Amino acid sequence: MQRSNAEVAEMPAAPSPETLTAELEILLARNGIKVPDMRRDAVMAAYADLRQQIALLHGRYGAAAEPSNVFRLSPTESQGGAT
Amino acid sequence: MDAQDLSIAAMGAALRSHDVTAEQLARDALARVAARDPALHAFVLVTETRALDDARHADQELRAGRDRGPMHGIPYALKDIYDTARIRTTCHSKLRIDHVPDQDSVVAAKLREAGGVLLGKLATHEFAIGGPSFDLPFPPARNPWNTEHVTGGSSSGSGTAVAARMVRMAMGSDTGGSIRGPAAWCGLVGIKPTYGRVSRRGVFPLSWTLDHCGPLTRSVEDAAISLQVLAGHDPQDAASADVPVPDFRAGLERGVGRLRIGVPRAFFATASAATPEVLEAIDRTIALLRDAGAGVEDVQLPDYALFAAAGRVIMAPESFAIHEADMQTRLMDYGEITANRFVLGAAVTAVDYINALRARRELTEAVNAALGRYDALLTASALATAPRFDAPVDSLSSTSPMQTIPFNVTGHPAMSVPVGLAPNGLPLSVQIVGRPFDEAMVFRIGRAVEQITGWEAVKLPIFAA
(Lines give C-alpha, C1' and ligand atoms only; values in the text may rest on other atoms or scores of the structure.)
Protein backbone atom coordinates (compact mmCIF):
# COMPACT_ATOMS: atom_id res chain seq x y z
CA MET A 1 0.00 0.00 0.00
CA GLN A 2 2.81 2.39 0.83
CA ARG A 3 4.87 3.88 -1.95
CA SER A 4 8.58 3.59 -2.42
CA ASN A 5 10.60 6.64 -1.43
CA ALA A 6 11.16 7.50 -5.08
CA GLU A 7 7.41 7.96 -5.58
CA VAL A 8 6.67 9.80 -2.37
CA ALA A 9 5.27 13.31 -2.54
CA GLU A 10 6.63 14.67 0.70
CA MET A 11 5.52 17.83 2.43
CA PRO A 12 7.84 19.63 4.83
CA ALA A 13 6.92 18.78 8.41
CA ALA A 14 8.36 21.95 9.83
CA PRO A 15 8.08 24.92 7.49
CA SER A 16 9.35 28.28 8.64
CA PRO A 17 7.09 30.36 10.90
CA GLU A 18 6.62 32.81 8.05
CA THR A 19 5.50 30.04 5.70
CA LEU A 20 3.15 28.63 8.30
CA THR A 21 1.60 32.02 8.91
CA ALA A 22 1.17 32.65 5.20
CA GLU A 23 -0.38 29.21 4.67
CA LEU A 24 -2.87 29.65 7.46
CA GLU A 25 -3.87 33.14 6.41
CA ILE A 26 -4.52 32.04 2.85
CA LEU A 27 -6.54 29.01 3.91
CA LEU A 28 -8.60 30.97 6.42
CA ALA A 29 -9.22 33.76 3.94
CA ARG A 30 -10.29 31.28 1.29
CA ASN A 31 -12.91 30.02 3.72
CA GLY A 32 -14.04 33.46 4.81
CA ILE A 33 -12.72 33.17 8.36
CA LYS A 34 -11.38 36.19 10.22
CA VAL A 35 -9.55 35.32 13.43
CA PRO A 36 -9.31 38.27 15.84
CA ASP A 37 -5.77 39.46 16.47
CA MET A 38 -5.94 38.53 20.16
CA ARG A 39 -6.51 34.88 19.21
CA ARG A 40 -4.01 34.58 16.40
CA ASP A 41 -1.12 33.26 18.48
CA ALA A 42 -3.21 30.44 19.94
CA VAL A 43 -4.61 29.46 16.55
CA MET A 44 -1.17 29.63 14.99
CA ALA A 45 0.30 27.33 17.65
CA ALA A 46 -2.50 24.83 17.15
CA TYR A 47 -2.05 25.01 13.39
CA ALA A 48 1.66 24.30 13.69
CA ASP A 49 0.82 21.16 15.66
CA LEU A 50 -1.89 20.10 13.22
CA ARG A 51 0.43 20.80 10.30
CA GLN A 52 2.94 18.29 11.68
CA GLN A 53 0.19 15.69 11.90
CA ILE A 54 -0.88 16.46 8.33
CA ALA A 55 2.69 15.94 7.18
CA LEU A 56 2.73 12.48 8.73
CA LEU A 57 -0.03 11.41 6.35
CA HIS A 58 1.55 12.73 3.18
CA GLY A 59 3.80 10.59 1.03
CA ARG A 60 2.59 7.30 2.46
CA TYR A 61 0.27 6.07 -0.25
CA GLY A 62 0.38 5.14 -3.90
CA ALA A 63 -2.44 5.24 -6.43
CA ALA A 64 -3.79 1.86 -5.38
CA ALA A 65 -4.32 2.99 -1.78
CA GLU A 66 -7.97 3.93 -1.71
CA PRO A 67 -9.58 6.03 0.99
CA SER A 68 -12.06 4.53 3.41
CA ASN A 69 -15.04 6.26 1.81
CA VAL A 70 -14.83 4.28 -1.43
CA PHE A 71 -18.18 2.58 -1.31
CA ARG A 72 -20.07 -0.43 -2.57
CA LEU A 73 -23.66 -0.36 -3.84
CA SER A 74 -25.87 -3.31 -3.17
CA PRO A 75 -28.27 -4.53 -5.87
CA THR A 76 -31.22 -3.75 -3.60
CA GLU A 77 -30.10 -0.18 -2.92
CA SER A 78 -32.35 1.49 -5.48
CA GLN A 79 -35.38 -0.50 -4.37
CA GLY A 80 -35.45 1.14 -0.94
CA GLY A 81 -38.26 3.52 -1.80
CA ALA A 82 -40.28 1.18 -3.99
CA THR A 83 -43.42 -0.18 -2.42
CA MET B 1 -27.85 1.08 51.16
CA ASP B 2 -28.43 4.32 49.31
CA ALA B 3 -30.79 3.85 46.38
CA GLN B 4 -28.32 5.43 43.98
CA ASP B 5 -25.71 2.84 44.96
CA LEU B 6 -27.94 0.06 43.69
CA SER B 7 -27.04 -1.21 40.25
CA ILE B 8 -29.59 -0.75 37.51
CA ALA B 9 -30.44 -4.44 37.82
CA ALA B 10 -30.84 -4.14 41.61
CA MET B 11 -32.97 -1.01 41.26
CA GLY B 12 -35.12 -2.92 38.81
CA ALA B 13 -35.51 -5.81 41.23
CA ALA B 14 -36.49 -3.40 44.02
CA LEU B 15 -39.06 -1.79 41.74
CA ARG B 16 -40.56 -5.12 40.81
CA SER B 17 -40.70 -6.34 44.40
CA HIS B 18 -42.34 -3.01 45.34
CA ASP B 19 -39.61 -2.21 47.87
CA VAL B 20 -39.31 1.12 46.14
CA THR B 21 -41.24 3.05 43.52
CA ALA B 22 -39.90 4.81 40.47
CA GLU B 23 -41.27 8.04 41.91
CA GLN B 24 -39.23 7.51 45.08
CA LEU B 25 -36.11 6.85 43.00
CA ALA B 26 -36.77 9.96 40.92
CA ARG B 27 -37.40 12.16 43.95
CA ASP B 28 -34.26 10.84 45.61
CA ALA B 29 -32.21 11.59 42.49
CA LEU B 30 -33.75 15.05 42.10
CA ALA B 31 -32.96 15.86 45.73
CA ARG B 32 -29.39 14.78 45.16
CA VAL B 33 -29.11 16.99 42.09
CA ALA B 34 -30.54 19.94 44.02
CA ALA B 35 -28.05 19.42 46.83
CA ARG B 36 -24.91 18.78 44.81
CA ASP B 37 -25.21 20.33 41.43
CA PRO B 38 -24.73 23.94 42.49
CA ALA B 39 -21.10 23.02 43.18
CA LEU B 40 -20.64 20.51 40.37
CA HIS B 41 -22.56 21.94 37.39
CA ALA B 42 -23.40 18.61 35.80
CA PHE B 43 -26.85 19.75 34.65
CA VAL B 44 -27.75 22.58 32.30
CA LEU B 45 -31.44 21.76 32.72
CA VAL B 46 -33.25 19.65 35.30
CA THR B 47 -36.51 18.29 33.91
CA GLU B 48 -38.24 17.72 37.23
CA THR B 49 -41.81 17.70 35.91
CA ARG B 50 -40.90 15.31 33.12
CA ALA B 51 -38.99 13.09 35.54
CA LEU B 52 -41.90 12.79 37.93
CA ASP B 53 -44.32 12.19 35.05
CA ASP B 54 -42.05 9.48 33.65
CA ALA B 55 -41.69 7.90 37.10
CA ARG B 56 -45.40 7.87 37.91
CA HIS B 57 -46.11 6.41 34.50
CA ALA B 58 -43.50 3.72 35.10
CA ASP B 59 -45.07 2.88 38.46
CA GLN B 60 -48.56 2.70 36.96
CA GLU B 61 -47.38 0.37 34.25
CA LEU B 62 -45.57 -1.94 36.66
CA ARG B 63 -48.66 -2.09 38.87
CA ALA B 64 -50.69 -2.94 35.76
CA GLY B 65 -48.29 -5.70 34.82
CA ARG B 66 -46.61 -3.92 31.92
CA ASP B 67 -42.85 -4.31 32.23
CA ARG B 68 -40.70 -2.51 29.66
CA GLY B 69 -37.45 -4.16 30.71
CA PRO B 70 -34.40 -3.33 32.80
CA MET B 71 -34.48 0.46 32.30
CA HIS B 72 -38.12 0.66 33.39
CA GLY B 73 -38.32 3.28 36.15
CA ILE B 74 -34.56 4.01 36.15
CA PRO B 75 -33.41 7.66 36.27
CA TYR B 76 -30.98 8.77 33.56
CA ALA B 77 -29.81 11.99 31.92
CA LEU B 78 -28.73 13.08 28.45
CA LYS B 79 -25.78 15.10 27.23
CA ASP B 80 -27.24 18.32 25.88
CA ILE B 81 -26.54 17.49 22.27
CA TYR B 82 -29.29 14.83 22.23
CA ASP B 83 -32.52 16.27 20.86
CA THR B 84 -35.43 16.00 23.27
CA ALA B 85 -38.92 16.88 22.05
CA ARG B 86 -40.14 20.15 23.56
CA ILE B 87 -37.13 20.27 25.86
CA ARG B 88 -34.36 22.79 25.19
CA THR B 89 -31.23 21.31 23.61
CA THR B 90 -28.40 23.83 23.56
CA CYS B 91 -25.13 22.03 22.78
CA HIS B 92 -23.92 24.19 25.71
CA SER B 93 -23.68 27.05 23.25
CA LYS B 94 -24.94 30.57 22.87
CA LEU B 95 -25.64 29.69 19.24
CA ARG B 96 -28.39 27.24 20.20
CA ILE B 97 -29.44 28.63 23.53
CA ASP B 98 -33.13 28.81 22.54
CA HIS B 99 -33.28 25.67 20.45
CA VAL B 100 -36.23 23.45 21.32
CA PRO B 101 -36.50 20.38 19.07
CA ASP B 102 -39.80 19.04 17.84
CA GLN B 103 -38.71 15.43 18.07
CA ASP B 104 -36.69 13.16 20.28
CA SER B 105 -33.37 11.83 19.08
CA VAL B 106 -33.53 8.09 18.48
CA VAL B 107 -31.65 7.49 21.73
CA ALA B 108 -34.04 9.67 23.74
CA ALA B 109 -36.99 7.92 22.13
CA LYS B 110 -35.57 4.48 22.89
CA LEU B 111 -34.94 5.35 26.52
CA ARG B 112 -38.45 6.75 26.84
CA GLU B 113 -39.88 3.62 25.21
CA ALA B 114 -37.84 1.51 27.62
CA GLY B 115 -39.50 3.22 30.57
CA GLY B 116 -36.52 5.34 31.65
CA VAL B 117 -36.98 8.45 33.77
CA LEU B 118 -35.38 11.54 32.22
CA LEU B 119 -33.85 13.71 34.92
CA GLY B 120 -32.44 16.40 32.66
CA LYS B 121 -29.87 17.62 30.18
CA LEU B 122 -26.18 17.60 30.94
CA ALA B 123 -23.27 19.94 30.45
CA THR B 124 -20.93 19.29 27.56
CA HIS B 125 -17.95 20.99 26.10
CA GLU B 126 -19.53 23.34 23.56
CA PHE B 127 -20.65 21.38 20.48
CA ALA B 128 -18.86 18.40 22.03
CA ILE B 129 -15.45 19.95 21.44
CA GLY B 130 -14.78 23.29 23.13
CA GLY B 131 -13.85 23.07 26.74
CA PRO B 132 -13.58 23.17 29.62
CA SER B 133 -14.58 26.78 29.19
CA PHE B 134 -15.76 29.64 31.35
CA ASP B 135 -16.99 31.83 28.48
CA LEU B 136 -20.10 29.79 27.66
CA PRO B 137 -23.73 30.14 28.79
CA PHE B 138 -23.23 27.50 31.49
CA PRO B 139 -20.25 26.79 33.74
CA PRO B 140 -18.07 23.73 33.13
CA ALA B 141 -18.87 20.55 35.04
CA ARG B 142 -16.46 19.70 37.85
CA ASN B 143 -14.91 16.40 38.80
CA PRO B 144 -16.58 14.97 41.93
CA TRP B 145 -13.32 13.31 42.96
CA ASN B 146 -11.75 16.75 43.28
CA THR B 147 -13.65 19.79 42.12
CA GLU B 148 -10.45 21.65 41.27
CA HIS B 149 -9.93 19.10 38.52
CA VAL B 150 -11.63 18.74 35.15
CA THR B 151 -13.89 15.84 34.25
CA GLY B 152 -12.49 15.33 30.79
CA GLY B 153 -14.67 15.91 27.83
CA SER B 154 -16.65 16.41 26.02
CA SER B 155 -19.32 14.46 27.94
CA SER B 156 -18.35 16.41 31.04
CA GLY B 157 -21.72 16.64 32.75
CA SER B 158 -22.34 12.96 32.05
CA GLY B 159 -19.14 12.07 33.91
CA THR B 160 -19.99 14.34 36.80
CA ALA B 161 -23.62 13.23 37.14
CA VAL B 162 -22.77 9.54 37.35
CA ALA B 163 -19.66 9.93 39.52
CA ALA B 164 -21.57 12.19 41.93
CA ARG B 165 -24.21 9.48 42.21
CA MET B 166 -27.00 11.60 40.77
CA VAL B 167 -27.87 8.99 38.14
CA ARG B 168 -26.62 5.49 37.37
CA MET B 169 -26.50 6.15 33.63
CA ALA B 170 -25.90 9.20 31.51
CA MET B 171 -25.59 9.37 27.75
CA GLY B 172 -22.43 10.73 26.23
CA SER B 173 -21.08 10.96 22.72
CA ASP B 174 -17.61 10.04 21.55
CA THR B 175 -15.86 11.53 18.50
CA GLY B 176 -12.29 11.31 19.76
CA GLY B 177 -12.83 9.96 23.26
CA SER B 178 -15.64 12.03 24.72
CA ILE B 179 -17.26 9.06 26.49
CA ARG B 180 -14.09 7.22 27.45
CA GLY B 181 -12.22 10.33 28.57
CA PRO B 182 -14.69 11.48 31.22
CA ALA B 183 -15.18 7.86 32.23
CA ALA B 184 -11.42 7.49 32.75
CA TRP B 185 -11.08 10.71 34.73
CA CYS B 186 -14.24 10.25 36.81
CA GLY B 187 -13.81 6.56 37.71
CA LEU B 188 -16.63 5.29 35.51
CA VAL B 189 -17.30 2.73 32.82
CA GLY B 190 -17.70 4.37 29.42
CA ILE B 191 -18.31 2.42 26.24
CA LYS B 192 -17.99 3.69 22.73
CA PRO B 193 -19.87 1.00 20.84
CA THR B 194 -18.96 -0.09 17.33
CA TYR B 195 -19.57 2.59 14.70
CA GLY B 196 -23.11 1.95 13.49
CA ARG B 197 -24.30 0.10 16.60
CA VAL B 198 -26.30 3.02 18.07
CA SER B 199 -28.22 5.51 15.96
CA ARG B 200 -26.81 9.03 15.86
CA ARG B 201 -30.02 10.51 14.47
CA GLY B 202 -31.12 13.57 16.42
CA VAL B 203 -27.72 14.05 18.05
CA PHE B 204 -25.95 17.24 16.98
CA PRO B 205 -22.97 16.08 14.90
CA LEU B 206 -19.37 16.96 15.51
CA SER B 207 -17.76 14.79 12.84
CA TRP B 208 -20.06 12.41 11.01
CA THR B 209 -17.62 9.60 10.39
CA LEU B 210 -16.18 9.64 13.90
CA ASP B 211 -19.29 10.28 16.03
CA HIS B 212 -20.56 7.51 18.31
CA CYS B 213 -23.29 7.45 20.97
CA GLY B 214 -22.94 5.50 24.20
CA PRO B 215 -23.50 5.47 27.96
CA LEU B 216 -21.38 6.33 30.98
CA THR B 217 -22.22 4.17 33.96
CA ARG B 218 -20.99 3.07 37.38
CA SER B 219 -20.43 -0.56 36.37
CA VAL B 220 -19.95 -2.81 33.36
CA GLU B 221 -23.28 -4.50 34.00
CA ASP B 222 -25.04 -1.13 33.96
CA ALA B 223 -23.29 -0.38 30.65
CA ALA B 224 -24.41 -3.68 29.15
CA ILE B 225 -28.01 -3.09 30.24
CA SER B 226 -27.93 0.42 28.81
CA LEU B 227 -26.48 -0.63 25.46
CA GLN B 228 -29.12 -3.34 25.19
CA VAL B 229 -31.73 -0.59 25.06
CA LEU B 230 -29.77 1.70 22.77
CA ALA B 231 -28.45 -0.70 20.14
CA GLY B 232 -30.22 -1.52 16.90
CA HIS B 233 -30.54 -0.68 13.24
CA ASP B 234 -31.94 2.69 12.21
CA PRO B 235 -32.56 2.83 8.47
CA GLN B 236 -32.64 6.63 8.66
CA ASP B 237 -29.09 6.86 10.00
CA ALA B 238 -26.74 6.39 7.04
CA ALA B 239 -24.09 4.83 9.28
CA SER B 240 -26.39 2.49 11.15
CA ALA B 241 -25.49 -1.17 10.78
CA ASP B 242 -28.15 -3.79 10.17
CA VAL B 243 -26.63 -6.45 12.39
CA PRO B 244 -28.11 -8.61 15.16
CA VAL B 245 -28.02 -7.31 18.72
CA PRO B 246 -26.91 -10.05 21.10
CA ASP B 247 -27.70 -10.34 24.79
CA PHE B 248 -24.89 -8.19 26.17
CA ARG B 249 -25.22 -9.60 29.68
CA ALA B 250 -25.20 -13.26 28.72
CA GLY B 251 -21.43 -13.74 28.99
CA LEU B 252 -20.61 -11.13 31.60
CA GLU B 253 -19.57 -13.57 34.31
CA ARG B 254 -17.64 -16.00 32.13
CA GLY B 255 -14.27 -14.61 33.17
CA VAL B 256 -11.15 -14.34 31.04
CA GLY B 257 -9.81 -17.88 31.24
CA ARG B 258 -8.23 -18.90 27.93
CA LEU B 259 -8.97 -15.54 26.32
CA ARG B 260 -6.14 -13.95 24.35
CA ILE B 261 -5.56 -10.25 24.89
CA GLY B 262 -3.11 -8.15 22.90
CA VAL B 263 -1.43 -5.07 24.36
CA PRO B 264 -0.22 -2.38 21.90
CA ARG B 265 2.40 -1.33 24.40
CA ALA B 266 4.15 1.09 22.08
CA PHE B 267 1.01 3.26 22.12
CA PHE B 268 1.54 4.29 25.72
CA ALA B 269 4.85 3.01 27.08
CA THR B 270 7.00 5.69 25.50
CA ALA B 271 4.40 8.42 25.17
CA SER B 272 5.65 11.71 26.56
CA ALA B 273 2.45 12.32 28.51
CA ALA B 274 2.48 8.90 30.22
CA THR B 275 2.75 9.02 34.00
CA PRO B 276 4.27 6.27 36.16
CA GLU B 277 1.01 5.59 38.02
CA VAL B 278 -0.83 4.97 34.75
CA LEU B 279 1.86 2.62 33.46
CA GLU B 280 1.88 0.77 36.79
CA ALA B 281 -1.91 0.47 36.74
CA ILE B 282 -1.83 -1.04 33.26
CA ASP B 283 0.90 -3.51 34.20
CA ARG B 284 -0.93 -4.46 37.39
CA THR B 285 -4.13 -5.09 35.42
CA ILE B 286 -2.25 -7.21 32.90
CA ALA B 287 -0.71 -9.29 35.71
CA LEU B 288 -4.13 -9.81 37.29
CA LEU B 289 -5.62 -10.86 33.95
CA ARG B 290 -2.83 -13.40 33.53
CA ASP B 291 -3.49 -14.69 37.04
CA ALA B 292 -7.13 -15.08 36.03
CA GLY B 293 -6.16 -17.27 33.10
CA ALA B 294 -5.94 -14.89 30.16
CA GLY B 295 -3.07 -15.04 27.70
CA VAL B 296 -1.80 -11.47 27.51
CA GLU B 297 1.02 -10.46 25.22
CA ASP B 298 2.31 -7.39 23.47
CA VAL B 299 1.11 -6.73 19.94
CA GLN B 300 2.47 -4.45 17.26
CA LEU B 301 0.19 -1.87 15.68
CA PRO B 302 1.07 1.06 13.42
CA ASP B 303 2.47 4.12 15.20
CA TYR B 304 0.04 5.80 17.55
CA ALA B 305 0.90 9.11 15.90
CA LEU B 306 -0.68 7.92 12.66
CA PHE B 307 -3.97 7.09 14.39
CA ALA B 308 -4.00 10.46 16.14
CA ALA B 309 -3.15 12.33 12.95
CA ALA B 310 -5.83 10.56 10.94
CA GLY B 311 -8.45 11.26 13.59
CA ARG B 312 -7.67 14.94 13.88
CA VAL B 313 -7.34 15.50 10.14
CA ILE B 314 -10.71 13.82 9.59
CA MET B 315 -12.44 15.63 12.45
CA ALA B 316 -11.27 19.15 11.65
CA PRO B 317 -12.80 19.60 8.18
CA GLU B 318 -15.91 17.54 8.94
CA SER B 319 -16.69 19.76 11.93
CA PHE B 320 -15.80 22.91 10.00
CA ALA B 321 -18.18 21.89 7.23
CA ILE B 322 -20.97 21.73 9.82
CA HIS B 323 -20.11 25.13 11.32
CA GLU B 324 -18.80 26.97 8.26
CA ALA B 325 -21.59 29.53 7.96
CA ASP B 326 -21.65 30.36 11.66
CA MET B 327 -17.86 30.52 11.79
CA GLN B 328 -17.94 33.11 9.02
CA THR B 329 -20.62 35.27 10.57
CA ARG B 330 -20.78 34.55 14.31
CA LEU B 331 -17.30 33.45 15.27
CA MET B 332 -17.29 35.50 18.46
CA ASP B 333 -20.51 33.84 19.65
CA TYR B 334 -18.60 30.58 20.08
CA GLY B 335 -16.45 30.05 23.13
CA GLU B 336 -12.82 30.81 22.47
CA ILE B 337 -11.63 27.21 22.73
CA THR B 338 -14.39 26.02 20.41
CA ALA B 339 -13.72 28.68 17.80
CA ASN B 340 -9.96 28.14 17.90
CA ARG B 341 -10.47 24.43 17.27
CA PHE B 342 -13.12 24.77 14.57
CA VAL B 343 -11.20 27.34 12.49
CA LEU B 344 -8.42 24.82 11.94
CA GLY B 345 -10.83 22.83 9.79
CA ALA B 346 -10.50 25.58 7.21
CA ALA B 347 -6.77 24.85 7.07
CA VAL B 348 -7.09 21.21 6.06
CA THR B 349 -6.96 20.69 2.31
CA ALA B 350 -8.87 18.09 0.35
CA VAL B 351 -5.67 16.10 -0.17
CA ASP B 352 -4.96 16.18 3.56
CA TYR B 353 -8.43 14.81 4.25
CA ILE B 354 -8.18 12.10 1.60
CA ASN B 355 -4.80 11.02 2.93
CA ALA B 356 -6.39 10.71 6.37
CA LEU B 357 -9.10 8.51 4.88
CA ARG B 358 -6.43 6.38 3.22
CA ALA B 359 -4.76 6.08 6.60
CA ARG B 360 -8.11 5.14 8.12
CA ARG B 361 -8.37 2.17 5.76
CA GLU B 362 -4.79 1.08 6.49
CA LEU B 363 -5.19 1.47 10.25
CA THR B 364 -8.55 -0.28 10.40
CA GLU B 365 -7.11 -3.24 8.53
CA ALA B 366 -4.17 -3.34 10.94
CA VAL B 367 -6.45 -3.39 13.99
CA ASN B 368 -8.67 -6.00 12.38
CA ALA B 369 -5.60 -8.13 11.68
CA ALA B 370 -4.52 -7.89 15.32
CA LEU B 371 -8.02 -8.81 16.45
CA GLY B 372 -7.83 -11.85 14.21
CA ARG B 373 -5.20 -13.16 16.62
CA TYR B 374 -6.63 -11.81 19.88
CA ASP B 375 -10.07 -11.70 21.45
CA ALA B 376 -9.49 -8.09 22.47
CA LEU B 377 -6.84 -5.43 22.96
CA LEU B 378 -5.98 -3.70 26.21
CA THR B 379 -4.36 -0.28 26.29
CA ALA B 380 -4.45 3.05 28.08
CA SER B 381 -7.50 5.28 28.11
CA ALA B 382 -5.68 8.27 29.53
CA LEU B 383 -1.96 8.69 30.13
CA ALA B 384 -2.45 10.77 33.27
CA THR B 385 -5.11 11.48 35.87
CA ALA B 386 -7.48 14.40 35.47
CA PRO B 387 -5.64 17.73 35.33
CA ARG B 388 -6.58 20.82 37.29
CA PHE B 389 -8.70 23.53 35.73
CA ASP B 390 -5.71 25.87 35.93
CA ALA B 391 -3.48 23.42 34.02
CA PRO B 392 -5.67 22.39 31.09
CA VAL B 393 -4.58 20.11 28.28
CA ASP B 394 -5.62 20.14 24.63
CA SER B 395 -7.25 16.80 24.02
CA LEU B 396 -6.91 17.28 20.25
CA SER B 397 -3.22 18.11 20.15
CA SER B 398 -0.52 15.65 19.19
CA THR B 399 0.56 15.53 22.84
CA SER B 400 -2.90 14.83 24.27
CA PRO B 401 -2.97 12.58 27.33
CA MET B 402 -6.05 10.82 25.91
CA GLN B 403 -5.40 7.68 23.88
CA THR B 404 -8.93 7.11 22.70
CA ILE B 405 -9.08 8.47 19.15
CA PRO B 406 -7.61 5.42 17.36
CA PHE B 407 -10.87 3.55 17.76
CA ASN B 408 -12.97 6.43 16.52
CA VAL B 409 -10.84 6.25 13.40
CA THR B 410 -11.30 2.49 13.04
CA GLY B 411 -14.80 2.21 14.53
CA HIS B 412 -14.00 -0.69 16.86
CA PRO B 413 -15.89 -0.94 20.16
CA ALA B 414 -13.80 0.42 23.01
CA MET B 415 -14.51 0.82 26.70
CA SER B 416 -12.74 2.60 29.55
CA VAL B 417 -12.86 0.73 32.85
CA PRO B 418 -11.58 2.07 36.18
CA VAL B 419 -8.87 -0.01 37.86
CA GLY B 420 -7.86 1.96 40.95
CA LEU B 421 -6.88 5.28 42.44
CA ALA B 422 -3.60 7.12 41.95
CA PRO B 423 -1.69 8.54 44.93
CA ASN B 424 -3.43 11.88 44.26
CA GLY B 425 -6.79 10.19 44.88
CA LEU B 426 -7.96 10.41 41.28
CA PRO B 427 -9.13 7.43 39.22
CA LEU B 428 -6.96 5.32 36.93
CA SER B 429 -8.30 3.22 34.07
CA VAL B 430 -7.59 0.94 31.16
CA GLN B 431 -9.21 0.70 27.73
CA ILE B 432 -10.50 -2.56 26.25
CA VAL B 433 -11.03 -2.80 22.50
CA GLY B 434 -13.02 -5.49 20.72
CA ARG B 435 -13.76 -6.81 17.28
CA PRO B 436 -16.45 -4.97 15.31
CA PHE B 437 -19.86 -5.56 16.94
CA ASP B 438 -18.34 -7.72 19.65
CA GLU B 439 -19.21 -5.43 22.55
CA ALA B 440 -20.17 -8.58 24.44
CA MET B 441 -16.49 -9.59 24.64
CA VAL B 442 -15.51 -6.07 25.69
CA PHE B 443 -18.07 -6.23 28.49
CA ARG B 444 -16.93 -9.72 29.51
CA ILE B 445 -13.32 -8.62 29.89
CA GLY B 446 -14.33 -5.34 31.48
CA ARG B 447 -16.44 -7.15 34.03
CA ALA B 448 -13.45 -9.32 34.93
CA VAL B 449 -11.24 -6.24 35.21
CA GLU B 450 -13.55 -4.43 37.62
CA GLN B 451 -13.63 -7.57 39.77
CA ILE B 452 -9.96 -8.56 39.80
CA THR B 453 -8.64 -5.04 40.30
CA GLY B 454 -10.89 -4.55 43.31
CA TRP B 455 -12.55 -1.50 41.76
CA GLU B 456 -15.94 -2.70 43.00
CA ALA B 457 -14.78 -2.03 46.55
CA VAL B 458 -13.60 1.51 45.83
CA LYS B 459 -15.92 4.05 47.36
CA LEU B 460 -16.97 7.07 45.42
CA PRO B 461 -15.59 10.35 46.75
CA ILE B 462 -16.67 11.72 50.09
CA PHE B 463 -18.11 14.72 48.33
CA ALA B 464 -20.52 12.41 46.56
CA ALA B 465 -21.37 10.30 49.59
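Predicted model: local features only at pLDDT ≥ 70, side-chain atom pairs only at ≥ 80, totals over all residues.
**Entry: strands around β7(B)**

I then looked at strand β8 (residues 295-298) of chain B, which 4 bridges join to strand β7 (residues 260-263). These two strands also run parallel. I picked B:G262 to follow across the pairings. B:G262 stands opposite B:E297 in β8(B), and it stands opposite B:L377 in β9(B).

I checked backbone angles here. As background, I wrote down that most residues other than glycine have a negative phi, and most peptide bonds are trans.

B:F127 lies in this loop and has a positive phi of about 50 degrees, although it is not a glycine. B:A128 is found in the loop as well, with a positive phi of about 65 degrees, and it is not a glycine either.

Are B:F127 and B:A128 buried or exposed? I counted B:F127 as buried because 27 other C-beta atoms lie within 10 Å, the cut-off being 20 or more. I counted B:A128 as buried because it has 30 other C-beta atoms within 10 Å.

I then turned to the peptide bonds. A cis peptide bond joins B:G131 and B:P132, with omega about 0 degrees. Another cis peptide bond joins B:G153 and B:S154, with omega about 15 degrees. B:S154 lies in the loop between β3 and α5 of chain B.

**Entry: B:I337**

Which residues is B:I337 in contact with, leaving aside its neighbours within four places in sequence? I found B:G130, B:G131 and B:S133. B:G131 is the residue I had already noted for its cis peptide bond to B:P132.

B:I337 itself is found in helix α11 (residues 336-342) of chain B. I marked B:I337 as buried because 23 other C-beta atoms lie within 10 Å. I also looked up B:H125, which is 212 residues from B:I337 along the chain; their C-alpha atoms are separated by 9.5 Å.

**Entry: chain A against chain B**

Last, I looked at the contact between the chains, which takes 27 residues from chain A and 31 residues from chain B. On the chain A side, α1 (17-30) and α2 (37-57) each supply at least two residues. The largest share, 12 residues, comes from α2(A). By class, I recorded 17 nonpolar, 7 polar and 3 charged residues on the side of chain A that touches chain B.

Terms used
Residues numbered from 1 in each chain as written. Chains lettered and ligands numbered in written order. Buried ≥ 20, exposed ≤ 12 C-beta atoms within 10 Å, placed from the backbone. Contact = placed C-beta atoms within 7 Å. Nonpolar A, V, L, I, M, F, W, Y, C, P; charged D, E, K, R; others polar. Pairing = 2+ DSSP bridges.
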